[in-house]
Amino acid sequence: MMADGEHGPAVESAMKILVALGGIFEAEKLVDVTSVHMPGSSVVVSGDAGLQFVEDTWQADATFKVPTTLNTGAIDFELWRTLGISESIADKQHRLTRAYEGMGAISLHSCCPYLSGNIPRASEQVAWGESSAVAYANSVLSARTNREGGPAALASAITGKAPLYGYRLDENRGSTLVVRVDTELAGITDYGALGYHVGRIAGDGVPFFAGISSPTTDELKMLGAALASSGAVALFHIEHVTPESEWASVFVESNKPEEIDVGQGELRDAYSLLCKAKETSVDLVCIGCPHCSIQEVAEVAGLLKGKRVRQNTAFWVCTSAPVKTLADRLGLTKTINDAGALIVRDTCPVLAPMKDIASKMNYRTVATNSAKLANYAPGQCNLMPHYGDLKQCVNSAIEGKWAP
Ligand code: F3S
């Protein structure tokens with residue numbers, strides 16, 4: 001029995017955490033999970049107490065039973081000095097990553113594990129943290145996970161189990177809000193604005209979108225990230241697009257949840273709510289929240305080719321180490337660096353020590369095409385956001401100014 005110490009103290013403690021969690025949510029039993037995506041992989045989030053807990057768990061001889069990828073960390077493991085990150089944060093992040101790796105984690109340090117090999121099948125039970133990754137796993141991949149916190153995800157990695165409640169059950173996957181989209185969506189920034197608007201209304205509900213056709217992977221990624229940041233959405237359906245949409249339509253027909261319409265007016269309002277910077281200056285441009293796919297990196301490189309980012313404006317293209325490796329191979333990193341921008345891997349402004357970086361580097365404003373980052377930037381990064389599409393962001397880097 002895992003809970004009675006037969007498998008060692010780490011497994012025993014992990015089982016206790018999961019059983020207690022299951023008790024709170026009245027779970028009938030624990031189920032097997034096939035993968036974990038670990039939140040709390042940044043020392044900025046874990047803090048010293050979390051770091052100590054993970055190191056103690058490793059010292060107690062814990063090993064991971066299922067494939068476990070690490071979420072975004074606090075540093076770029078190569079460029080942390082250039083970014084303005086302190087030695088002390090870098091040391092702590094190295095310790096945290098080493099402890100996770102010691103237990104068997106794959107140190108991906110990205111919020112898009114599904115772009116780098118951690119791709120659950122439909123109906124697979126997994127234990128993932130990081131709200132944008134959870135929304136993608138549940139909605140686009142039709143896997144099953146709750147928004148796992150750090151201790152629960154760690155316990156699931158050690159035991160390969162999770163309590164059966166919430167989004168793991170059919171009965172909680174039906175839609176609570178119907179969203180009729182009656183405007184064309186032009187690229188990921190519109191999807192982000194839509195997600196931001198709907199997340200504020202849906203809260204922790206399950207939106208069902210009608211009127212959206214053929215979104216790309218990057219657009220779905222951005223929609224989920226925005227829904228999960230302005231609200232606490234962990235699952236959405238899109239008619240004729242996401243895998244559970246047929247079942248979700250039947251659910252909507254019989255349960256008749258509240259309906260809202262979203263048109264150009266609502267999208268424009270979302271843009272102006274997200275665009276909070278009063279001054280036109282742009283100190284930092286950040287693309288890649290969630291982390292860029294290789295297609296997005298190529299798009300940035302295409303726009304920057306032969307151009308030069310203005311002095312005193314920093315430009316981060318955030319992504320994972322595997323995508324960065326591909327960008328190196330394809331010559332995209334060189335194009336981006338030649339223009340004076342950086343590909344930043346393993347981290348992002350929200351999970352790096354951004355308040356310290358902003359004060360050290362004198363950043364006050366950020367231009368971004370991410371609704372999630374624009375939403376979090378004032379509170380979590382001390383940066384006032386400009387929100388617009390990729391071309392606007394790149395132009396603002398070249399001009400050093402935001403042009404609406
Ligand atoms: Fe990913 Fe960081 Fe944004 S974890 S979704 S890049 S806030």
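The ligand takes up the space of the largest pocket. Keep in mind that this is a predicted model.

**Around the ligand**

**The largest pocket**
- Its volume comes to about 450 Å³.
- It is lined by 25 residues, and Asn71, Glu130, Ser131, Leu351 and Lys372 are the closest to its centre.
- Two or more lining residues come from each of α5 (131-139) and α15 (371-381).
- The lining is made up of 10 nonpolar, 11 polar and four charged residues.
- Domain 1 (2-170) and domain 3 (275-399) each supply at least three residues to this lining.

**The second largest pocket**
- This one has a volume of about 250 Å³.
- Its lining counts 16 residues, with Gly187, Ile188, Glu299, Asn369 and Leu390 the closest to the centre.
- The helices α7 (188-202), α8 (217-230), α11 (294-304) and α16 (390-399) each give two or more residues to the lining.
- The biggest share is from α11, which gives four residues.
- By class, the lining splits into six nonpolar, four polar and six charged residues.
- Here at least three residues come from each of domain 2 (174-272) and domain 3 (275-399).

Conventions: Residues are numbered from 1 along each chain as its sequence is written. This is a predicted model: local features need pLDDT of at least 70, side-chain atom pairs count only at pLDDT 80 or more; totals for chains, interfaces and linings use all residues. Side-chain values use heavy atoms; hydrogens and water are left out. On a 1 Å grid over the protein atoms alone, a cavity is a set of points where a 1.4 Å probe fits but cannot get out, and a pocket is an open set with protein on both sides within 12 Å along at least five of seven lines; lining residues have an atom within 4 Å of a point. A molecule sits in a cavity or pocket if more than half of its atoms lie within 2 Å of its grid points. Grid points are joined across faces, edges and corners, and a volume is the space filled by probe spheres set on the points. Ala, Val, Leu, Ile, Met, Phe, Trp, Tyr, Cys and Pro count as nonpolar, Asp, Glu, Lys and Arg as charged, and the others, Gly among them, as polar. Domain bounds come from an automatic or database domain assignment.
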